[in-house]
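Visitor: I would like to learn how to read a protein model. Please walk me through one.

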Amino acid sequence: MERNPTTRGIAERLLAWFAAHARDLPWRRDRTPYRVWVAEVMLQQTRVETVIPYYDRFLQRFPTVEALVEASLEEVLKVWEGLGYYARARNLHAAARRVVVEYGGQLPPAYEALRELPGMGPYIAGAVASIAFGRPVVALDGNGRRVLARLFAVEGDPRRTAVRRRLEALARSLLPSDRPGPFNEALMELGATVCLPRAPRCDRCPLAGDCRARQAGAEAQYPTRAASRPVPHYQVAAAVLLREDGRVLVARRREEDFLGGLWEFPGGKQEDGETLRECLARELREELGIGVEVGERLLTLEHAYTHFRITLHAFRCALREGEPRCLECADLRWVLPAEMDALPMSVADRRIAQAVQMWTREGAIS
Ligand code: SF4
């Protein structure tokens with residue numbers, strides 16, 4: 001698309017601002033396609049400050065695609081532990097295998113080829129193609145979408161496909177073919193540091209003179225947000241099943257399930273009409289084929305995921321009938337409390353594991 005003088009001016013102002021104000025972030029140093037890719041995967045739905053230490057640890061542990069492929073999924077999940085959205089780590093690991101097998105360890109530069117890899121949605125493929133390979137492709141995250149919605153006073157919720165497409169078309173109309181990567185980054189950087197969701201700092205914005213929302217004094221009205229649905233809240237019971245030799249039972253979730261590949265204290269969601277203790281006894285019968293006596297409640301904690309919240313209740317349990325078998329999980333292990341440190345777990349299960357370690361050290365449970 002031939003760009004008119006106004007759109008060219010916007011891109012130039014934005015790029016000049018980025019050259020002067022870009023934050024010094026680890027993934028902007030020593031850029032390789034692999035490093036760009038890992039950063040973009042981690043940055044999905046996660047704040048920059050949270051990502052930095054994970055990124056540094058991940059690159060130290062897996063400095064190349066080959067190193068990532070040689071590691072087990074469990075090792076990868078362990079390094080990822082606490083960052084959330086674990087499907088990202090599973091997909092990254094699976095995609096790395098494809099890169100080694102199909103492309104000799106080099107990421108393919110074409111957007112379409114990148115899109116074929118596990119976990120490569122339009123955003124990550126666009127970011128890698130443009131930032132790592134200089135391909136003229138748009139990459140828009142929530143920050144970039146907010147800037148464009150304000151700049152062009154675009155009505156509608158960007159979560160809707162039609163609005164997203166409109167914003168992508170606008171980004172394409174601005175994209176300079178000679179510097180697509182810096183342009184994409186600059187737009188997102190402006191959204192992350194200046195065009196903030198609640199209080200945009202328009203007085204510091206290089207695009208203030210171009211911005212339709214600003215001209216109308218209506219920055220806060222964009223992007224439009226449709227009312228969100230209430231977030232469901234579930235009660236969940238988990239078993240701390242201790243054996244006489246001091247080992248505790250943990251189960252590995254199936255890879256295709258939510259939090260797949262992580263280890264957990266077995267249990268599940270409370271159903272209508274049952275108590276938490278009945279729920280736990282039922283879950284252990286269904287998942288592990290065992291009968292248990294559900295004892296004292298050890299711990300209750302709250303945890304929020306993206307689309308729901310849980311209150312997790314951990315109960316001490318004693319085995320009364322049968323030997324645990326994996327009926328609805330990927331693996332089972334009886335581990336010593338200290339050994340749980342090596343297993344990847346979700347934040348909520350890690351808190352139970354830490355409590356169990358403390359109690360057993362202090363002799364509060366045995
Ligand atoms: S002028 Fe204000 S609202 Fe418009 S793009 Fe800049 S920071 Fe955002």
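Guide: We will take the domains, then the strands, then the ligand.
Guide: This is a predicted model: local features need pLDDT of at least 70, side-chain atom pairs count only at pLDDT 80 or more, and totals for chains, interfaces and linings use all residues. Residues are numbered from 1 along each chain as its sequence is written.

Visitor: Into which domains is the protein chain divided?
Guide: Domain bounds come from an automatic or database domain assignment. Here they give domain 1 (5-221) and domain 2 (233-362). Their centres, taken over C-alpha atoms, are 37 Å apart.

Visitor: How many residues of domain 1 are in contact with domain 2?
Guide: Contact means C-beta atoms, placed from the backbone, within 7 Å. Eight residues of domain 1 touch eight of domain 2. On the domain 1 side, helix α5 (residues 73-80) gives the largest share, four residues. Helices (H or I, at least four residues) and strands (E, at least two) are DSSP runs, numbered from the N terminus.

Visitor: Which strands pair with β6?
Guide: Two strands pair if DSSP finds at least two bridges between them. Strand β1 (residues 233-241) runs parallel to β6 (residues 309-321), with nine bridges. Ala237 stands opposite His313 of β6. Strand β5 (residues 291-304) is antiparallel to β6, with 11 bridges. Glu302 has Thr311 of β6 as its bridge partner. Four residues lie between β5 and β6 in this hairpin.

Visitor: Which residues come nearest the ligand?
Guide: A residue is near a molecule if its C-beta atom, placed from the backbone, lies within 6 Å of it. Of the 14 residues around the ligand, Cys195, Pro200, Cys202, Cys205 and Cys211 come nearest. The elements giving two or more residues to this shell are α9 (142-151) and α12 (212-215). Helix α9 gives the largest share, three residues.

Definitions and conventions: Two residues are in contact if their C-beta atoms, placed from the backbone, lie within 7 Å.
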